[in-house]
Amino acid sequence: MARTTTIELHKEEMKFSAGHFTIFSATHRENLHGHNFSVYVALTGEVSEDGLLADYGPLKQAVIARCKAWNETFFLPGRSRHLRLEKDANGNHVAHFNGEELRFLARDVTVLPAANVTLEELARVFGEELVGDGTAMARDRITELVVKCASGPGQWATWEWKRNG
């Protein structure tokens, strides 16, 4: 008889501090500010005869590594339709928005593969990176992955993946 279970990961090291601004339209954005973000991951699947769903150590380490890489950086959306990014002669980032020019040192910036810097997009970027092409998930009997990203207590966004078939 197949047994399905969910393993939930929410460790102290699964946190990062970062700056950003959310873009609401072609003419309206938030001021620059930051949050102390936290990440939660849950994996669901069939438990093997050995009583094991998966070796979740590598998954946990991938989340922690991403948190460390994003810690103390400023996020810019690389796919925004309202924000144009370029680099100046020194390799630093210049963000153009509604007639404004915002300048950032390259060492301080993480350009995300996202349309905006929101909890929704942060959870998606985390999740897509963890799932990859799905091969490891299938090997480990994982059928569902949930990633939640929070910008503070009581404010979460959730991204979900389910294996087809």
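Me: What is the bridge partner of Lys87 in β6?

Reply: That's His93. Keep in mind that this is a predicted model.

Me: How do you know that β5 and β6 count as paired, and which way do they run?

Reply: Two strands pair if DSSP finds at least two bridges between them. Four bridges join β5 to β6 (residues 93–97), so the pair passes that cut-off. The two strands run antiparallel.

Me: What makes β5 and β7 edge strands?

Reply: Look at the order of this open, three-stranded sheet: β5-β6-β7, with antiparallel pairing. β5 (84–87) and β7 (100–104) each have a single partner strand, so one side of each has no neighbour in the sheet. On average, neighbouring strands here are turned by 25 degrees against each other, ignoring direction.

Me: Why is a group of residues called a nonpolar core?

Reply: The members have to be buried residues of nonpolar kinds, such as Val, Leu and Phe, joined through side-chain atoms within 4.5 Å. The largest such core here has 35 residues, and Phe16, Val41, Leu43 and Leu145 touch the most other members. Among the elements supplying at least two residues each are β3 (33–47), α1 (57–70) and β9 (142–152). α2 gives the largest share, seven residues.

Me: Which residues does Phe16 touch, leaving out those up to four places away in sequence?

Reply: Its contacts include Phe37, Val39, Trp70, Phe126 and Cys149.

Me: What else is there besides that core?

Reply: A second, separate core has 10 residues, including Phe21, Phe74, Ala95 and Phe97.

How values were computed: Residues numbered from 1 in each chain as written. Predicted model: local features only at pLDDT ≥ 70, side-chain atom pairs only at ≥ 80, totals over all residues. Heavy atoms only, no water. Buried < 20%, exposed > 50% of the residue type's maximum accessible area, 1.4 Å probe, protein only. Contact = heavy atoms within 4.5 Å. Axes fitted to C-alpha atoms, helices over the stretch in contact; angles between N-to-C directions.
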